Structure formats: C-alpha cells, structure tokens
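I set out to record, entry by entry, what I looked up in this structure. The entries follow in the order in which I made them.

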Amino acid sequence: MKCAFVNQKTGKKCQAFTMKNAKFCFFHNPFLEEEKRMARSKGGKGKKEFKLPKVPLESPQDVQKMLADLINSYRAGEISDKRATILQRLSDGMLKAMELSGLEKRISNLEDYIQRHP
Ligand SMILES: [Zn+2]
C-alpha cells in the first residue's frame, strides 16, 4: 500500500510504501511525528528514556556486550520497544558488516598464499 500523505503545496501523493499496519510511510507516520516531538521537548509527558553511553563497537565481542547491556536495559524498562528494535537492527547490520569484512580478509589472505605458491 502507498503512503496516504499528500503534500499540501504540490498536491502530490507520497509514493513511498506504508509501514506495517499503518496508513503512512516511515517519514509521514503521525505516530512517529508525535514521538519525535516528545523526544525534542525535554521533560515531556512521555516516559523518559535513559541516555545510553557510547561504547566501542569494533569487534563482534563489542557488539555482543552492547546487546547484553541492551537486553538488560530493556528488561529493566529503561528503553522503549521502538528503541530496542532499532538498536537490534543496527547491531544486526554491524555484525553482518563485520562478518563480511572478516571474510574479505580471509579471502585476500588466501589469494596472497596462492600467488606465493603457484
Ligand atoms: Zn509518505
């Protein structure tokens, strides 16, 4: 389904696909707008989320540690479902990228080896 948003200036409909069970795409979802607005106004009515500390994310082990912290924070009710979902997706991407760069390194090591041993 296409997003129900219509640009008031141009009269054009948004061509993006909607989010699951929603009338709008990610950018035009009014619910998200509300959440963004609440995030902007400090001390709003909404549940305050903890500011998570920056952590090094250089190895799969770092990501694993971060995920463990994330799970604990989530279980303690310190972060929202939405935030947990986003962080989980990001760490998934991070892990995949790490896996790929690891594979790339192994392949180039193999190529080097083959060249040195014709
Ligand atoms: Zn849209």
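**Entry 1: Helix H3**

I take a residue as buried if 20 or more other C-beta atoms lie within 10 Å of its own, exposed if 12 or fewer, and partly exposed in between, with C-beta atoms placed from the backbone. Helices (H or I, at least four residues) and strands (E, at least two) are DSSP runs, numbered from the N terminus. I note that this is a predicted model, in which local features need pLDDT of at least 70 and side-chain atom pairs count only at pLDDT 80 or more, while totals for chains, interfaces and linings use all residues. Residues are numbered from 1 along each chain as its sequence is written.

I then checked the span of H3: its first and last C-alpha atoms are 52 Å apart, close to the 52 Å expected at 1.5 Å a residue. The expected span is 1.5 Å times one less than the number of residues.

**Entry 2: The chain**

I recorded three helices and zero strands, in the pattern α-α-α along the sequence. Of the 118 residues of the chain, 3% count as buried.

**Entry 3: H2 against H3**

How do the axes of H2 and H3 cross? I found that the axes of H2 (residues 60–75) and H3 come within 10 Å and cross at roughly 170°. Axes are lines fitted to C-alpha atoms, for helices over the stretch in contact, and angles run from 0 to 180 degrees between N-to-C directions. H2 and H3 are therefore roughly antiparallel, a term for angles over 145 degrees.

I listed the contact residues: Pro60, Val63, Met66, Leu67, Leu70 and Tyr74 on H2, and Ala84, Leu87, Ser91, Met94, Leu95 and Met98 on H3. Contact requires C-beta atoms, placed from the backbone, within 7 Å.

**Entry 4: Arg83**

I located Arg83 in H3 (residues 81–116). Arg83 counts as partly exposed because it has 17 C-beta neighbours inside 10 Å. From Arg83 to Leu70 I noted 9.8 Å between C-alpha atoms, at 13 residues apart in sequence.

**Entry 5: Asn29**

I placed Asn29 in the segment before helix H1 (30–40). Asn29 has 18 C-beta neighbours inside 10 Å and so counts as partly exposed. Leaving out residues up to four places away in sequence, Asn29 touches Met19, Ala22 and Phe24. I also noted that the C-alpha atoms of Asn29 and Cys3 are separated by 8.8 Å, at 26 residues apart along the chain.

Methods. Parallel < 35°, antiparallel > 145°, perpendicular 65-115°, else oblique. Contact = placed C-beta atoms within 7 Å.
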